[in-house]
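User: I have some labels to check in this model. Please set each one against its definition.

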Amino acid sequence: MIKSIQLICILSFVFFNTLFTYSQNASKQKLDNAIKQNVINEGSKEKQIKKSIDSILLEINATKQDTNKIKLYLKVCDLCEITDNIKYSEPIFKLTDKLLPTSKDSITIKRLIQWRYEALIFQRIFYQRNNDLSKTEENLYKQHLEKALKYKDYQGYAYTVRELSEYYFKQGKMLKRINCLEEGYEILNNVKYYKGVSIMLIQMAFFYAETKDTTAALNNINKAIENEKLIKDASRNNRGYVIRGNLYRDLGQYSKALNAYDGALTGYKTAKDNHSLADVYRQIGYLYQNKKDYVKAIDNFEIGEKIAQSSNDIGLLVQFLIGKGDALASLERYEDAIKEHKWLWDKIALKFGETDHTTIVFFGSHLAKDYVLAKQFGNAKKILDVISPITTVAVEKSNIENLAYRTDSALGNYKDALLHYHNFIQEQIKLNDAEVAKAGVQRQYKTDIEKQKAIQEKENAIANEEKKKQSIILFSIIGILFLLMLFAGFIYKSLQKTKYANTIIAQQKHIVEEKQKEIIESITYAKRLQEAILPPQEFIDKYIPNNFILYKPKDLVAGDFYWAEKINDLFFIAAADSTGHGVPGAMVSVVCSNALNRTIKEFNQTETGKILDKTRELVLETFEKSTSEVKDGMDISLLCINSKNRSIFWSGANNPLWYIQDNVLKEIKADKQPIGKTEYPKPFTSHQIEYKENTKFYLFTDGFADQFGGPNGKKFKYKKFSDLLLKHSNLLQNEQSLIIEKAFTEWKGDLEQIDDVCIIGIKI
């Protein structure tokens, strides 16, 4: 069936979202006139719509402008059957994806994003009709969120987050729902899009109200009210009062709700916004319905009805008439309720019942209930026989089966009464199971939140402990360096004295030997402290079993170091070369290692390029405290492996990455800048690498390639180094390590090792 005309859609929405069913003669006349003006022959309408669709499709084929095609496809989606929504909305996605990358004008970009969103809605309707909501709808929303953020359409982003959170609510995924809203809040707050921030806060408020967390609900709505002051939009301020009133009403805090509604009434009267003003009276009527004060409910419905009549607001008129009718039924004025429900049944439900079962079931159930309460069981049965076979909603089906049971029992149809009673019990069991499931979801949500808090507290404690450990190591090495400087000064003075007192050479020699021993002992202790920052081999083996680390400091302590850490599913490993070697290099290595740890644990960075950016910032921040200019830092090769989703990322500062696939050695060049002070700093690049089994990765510093040796005392160089790795890459990791170390020793020969050496080999 082709989609119904606009009035039918409005009435369907109204009937599906309200519980009220009474009207006055003037209002009835307005509705009757509206129905007569809008109801046309359905058969001729279908032909007319099909003709319009064919005409638009011809126009699409004729036009060359992509934007015109998008507009025309949207018109077709609006006219076609729901089963054709996918066919006509899919070209909209393709055309907008084609146009967005080349569009420069912000208005055009926003329009394209909006058109994508409209196409998404048409596809969502299709999947809803076909009960296919598993992942398809979620993916549609996520794709749109990416586009909206990429092109800075924050309004579209906010609306889509709200829709996605509603999707999670329907799926019973409470934790995903609140996480979705919290992420949206953070992003929109960071870009200072305050209208979107309000949307997120309001949705979070209702979420917490649904999960019975009243304090959190009120905190979020109050934050939303404060946020609205930044927007300076009176209409939004009035709407904020209404939302606050609805929330207080749902929480049962009626006096606070009425205060909020009063604020909205004042604002809408000043703005002369009759539609919104009337709607506030409708909300107040609902409040008194909840309080079971039906007389005051009717009073407010009547005030709103008069305002709606004056502005010919048909949609609201229907709702006020329904509300008053329900209030009359609650006051046991059944004949009056029957009269009004019968009019709605005859004038609206029976006219639209063929195309809108929701309407006929809604009015029929109310009219049947009034007949049962008035003990007019014969009339009740006539209505129930019409609506019972077409009822699908669980709550309505339960109510209708109960009414049918009572009706057949009163009429003596005991066999049918027994069947209806059985159906009623079955529907009640289903409803009870749904409530139990919902309660289980709420309990699970609270449990998950508590677990998250416990994990976060544990991670914070570990991070604090790690910071303390790094601080102790750093200050210890600084202290050792200070002692070394004192010892060096003492030795220097001692040596000066030997020029003037040869007679005490033996004594001075003894002193020097003692001090040298103390220095060596101090440096040895510094070596143990530096080793404390290196990850244990067992830790690396746990996450990457196939690996080797060749680590040969030039002196007892080194500027080179290797580093590894595990965060969630991500395993990071790096080979780093700090400025200098020996004690100065070791001190710089501690600063750099500490900066890496803080970057991923304290600042939660997980993208390799951004990790190096933040590490550089922390290293510079440490050395900026010096009164003299310090240009120390490090070169690094940083690899990130996610074995779970089979992805690999790498970033480098001056040091490249080599990897071997299918016996071919490939290189990714590093950014030509250090982790430290540089004249023209730029963000580090994150490279993604294909995850392919049996790939061998090599991370290294420059110590091996720069080593002098061989028959002519030349550098080993990178070409010979890469040939060595490629030649032996198919051996076991420990065998490769032995061969590389042997090659280094043989090349160096009797010459001095000029720099620290660090090489890491990994096979996935």
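User: Why are α14 and α15 called roughly antiparallel to each other?

Analyst: This is a predicted model, where local features need pLDDT of at least 70, side-chain atom pairs count only at pLDDT 80 or more, and totals for chains, interfaces and linings use all residues. Residues are numbered from 1 along each chain as its sequence is written, and side-chain values use heavy atoms, with hydrogens and water left out. Helix α14 (residues 274-290) packs against helix α15 (residues 294-310) at about 170°, with axes 8 Å apart. Angles over 145 degrees count as roughly antiparallel, and therefore α14 and α15 are roughly antiparallel.

User: Which residues of α14 meet α15, and what is the make-up of the contact by class?

Analyst: Contact means heavy atoms within 4.5 Å. Among the residues in α14 are Leu277, Tyr281 and Ile284; α15 brings residues including Ala297, Phe301 and Ile307. By class, the contact of α14 with α15 has twelve nonpolar, five polar and two charged residues.

User: What makes Asn655 buried?

Analyst: Its relative accessible area is 6%. Buried means under 20% (1.4 Å probe, protein chains only), so Asn655 is buried. Asn655 is in the loop between β5 (647-653) and β6 (657-661). Leaving aside neighbours within four places in sequence, its contacts include Asp577, Trp650 and Phe700.

User: How do you know that α16 is largely enclosed by the rest of the structure?

Analyst: Of the 17 residues of α16, 16 are buried, so α16 is largely enclosed.

Conventions:
Axes fitted to C-alpha atoms, helices over the stretch in contact; angles between N-to-C directions. Helix = DSSP H or I, 4+ residues; strand = E, 2+ residues; numbered from the N terminus. Parallel < 35°, antiparallel > 145°, perpendicular 65-115°, else oblique. Nonpolar A, V, L, I, M, F, W, Y, C, P; charged D, E, K, R; others polar. Buried < 20%, exposed > 50% of the residue type's maximum accessible area, 1.4 Å probe, protein only.
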